[in-house]
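Thanks for making time this morning. I would like to walk through one model with you, a few places at a time, so please have the sequence and the structure open.

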Amino acid sequence: MSSRPIAQYLLPDTAELKNDDVFIGGVSLTALANQYGTPLFVYDELTLRRRAADAASVFDAGVAYASKAFLCGAMARLAVEEGLWIDVATEGELDLVLRSGVPAEKIVVHGNNKSRAEINRALDVGVHRIVVDNFDEIELLRELVSSTRPVSCLLRVIPGVEAHTHEFVQTGQEDSKFGLSITRGDAEEGLRRMRSIEGLHVAGLHSHIGSQIFEVSSFLKALEIVATFAREEHVEEICVGGGLGIAYVEGEQAPSLSEWGAAVRAEALRLFGPDVRITAEPGRSIVGSAAVTIYRVGARKEVADRTYLAVDGGMSDNPRPVLYGSGYEAFALRSPQAERLGVYRVVGKHCESGDVLIDEAALPLDVATGDLIVTPVTGAYGYSMASNYNRVTKPAVVFVRDGVATLVLRRETLDDLIRLEF
Ligand code: LLP
């Protein structure tokens, strides 16, 4: 564990470390915490726009932002402004994206258990694509699609590749709930059935091997398997899914979106020639490093072997450490350039011992109750997986840019929490 000040490369692109504060997008994090309260998600708009534009430019047209990583109206509009389309996996995501003003023809619909209502809505509004997952869905499409209500689809295939990542976020292996297996012949049968449906245009194949993957070679391996299958079937498009990893803690290094895209494109060109369109749907690599979370320390406690810092959020705003054992760094906002010589267990305020945000966080020795501490790289799968456990309200989210902060999601109130009661 490093005792050096927080590494700049873990922070959003515009972060400036001062002696007693950090500015992002030209806005003081201390001022934001005081104005909007804590916990607070702060997204650097410039970082979001750069990553989105990178993703759009390194593949062919039709790259979709995987909105499950972080979704609100402002984010959906930003992604589309930067040239991306939007991947939704449920009717809830579809509804929000449509309400945000995104045209239906820029929406890609996913899901391993799409309901009749979800498919009907997708067909009614005229989405760009449905990514088909299983035989039951194909039969549902046969009932619902017609020449007057046509749709374009990709078939999600299981390439049989085990990506090096946490078991919970691996999806390319044979034993997976997503897609149809190439090896078992199911993918071939799926395509045959899809092609027999009038009004259903089979555009190509889709494979997504997992998430938080650092090795580009895993994607190339999957692509090669898909290519062998695709050569026998006439396809216009191959979507390689998302899954590119990002650095969360010091010492981790991930390929950039451009490096990932260039490697995948080069391999695709070798395997298919120029006639097959190559698309992708990254989530984490666009939003992850664009945000930080600010917490306030409410209690500092020394026990036998360690010091605990309890903050005013926890597993409700960032369940990733509990779910996947994910690591994070932290820094103290009033001394971001100080050596981080102390070791603390940073915990949340929920009623369980497992509510740990950082097991061993390097922070300055003098962190005290009332201090603001910040965890970087919280832009992906934090807010989107937030819960109201212990009836804790969800934090506010602000976008910052050129010295201006915009509240894109207000903090939940206690009134919001009782809106479902009779
Ligand atoms: N496409 C499909 C079909 C997906 O299932 C996913 C993510 C993506 C694209 C985007 O993957 P990304 O580029 O964000 O890795 N909650 C977990 C991650 C779950 C990923 C689910 N699917 C986490 O916090 O690590």
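Pro-39 sits in the loop between α1 (29-36) and β4 (40-44), where helices (H or I, at least four residues) and strands (E, at least two) are DSSP runs numbered from the N terminus. The peptide bond that joins Thr-38 to Pro-39 is cis, with an omega of about -10°. Before I go further, please keep in mind that this is a predicted model, in which local features need pLDDT of at least 70 and side-chain atom pairs count only at pLDDT 80 or more, while totals for chains, interfaces and linings use all residues. Residues are numbered from 1 along each chain as its sequence is written, and side-chain values use heavy atoms, with hydrogens and water left out.

Let me turn to β4 itself. Five of its five residues are buried, buried meaning under 20% relative accessible area, exposed over 50%, and partly exposed in between, with a 1.4 Å probe and protein chains only. In a regular strand the side chains alternate between the two faces of the sheet. In β4, Leu-40, Val-42 and Asp-44 point one way, Phe-41 and Tyr-43 point the other way, and all are buried. Which strands does β4 pair with, and in what sense? Strand β14 (residues 291-302) runs antiparallel to β4 and is joined to it by four bridges, with Leu-40 opposite Ile-294, whereas β20 runs parallel to β4 and is joined to it by five bridges, Asp-44 having Val-400 as its bridge partner there; two strands pair if DSSP finds at least two bridges between them.

There is also an open sheet of three strands, in the order β1-β2-β3, with antiparallel pairing. Its edges are β1 (16-17) and β3 (27-28), each of which has a single partner strand, so one side of each is left without a neighbour in the sheet. Between β2 (residues 22-24) and β3 there are two bridges in the antiparallel sense, and Ile-24 has Val-27 in β3 as its bridge partner.

In the segment before β1 we find Leu-11, which is buried at a relative accessible area of 5%. Not counting residues up to four places away in sequence, Leu-11 touches Ile-6, Leu-17, Ser-289, Phe-331 and Pro-376, a contact being heavy atoms within 4.5 Å.

Now the helices. α4 (residues 91-99) and α5 (residues 116-125) pack at an angle of about 25°, their axes 10 Å apart; axes are lines fitted to C-alpha atoms, for helices over the stretch in contact, and angles run from 0 to 180 degrees between N-to-C directions. That makes α4 roughly parallel to α5, given that angles under 35 degrees count as roughly parallel, over 145 as roughly antiparallel, 65 to 115 as roughly perpendicular and the rest as oblique. On the α4 side, Glu-91, Leu-94, Asp-95 and Leu-98 meet Ala-117, Glu-118, Arg-121, Ala-122 and Val-125 of α5.

Finally, two residues have a positive phi although neither is a glycine. Gln-212, with a phi of about 55°, is placed in the loop between β11 (200-206) and α8 (216-232) and counts as buried at 12% relative accessibility. Asp-402, with a phi of about 50°, lies in the loop between β20 (396-401) and β21 (404-409) and is exposed, with a relative accessible area of 68%.
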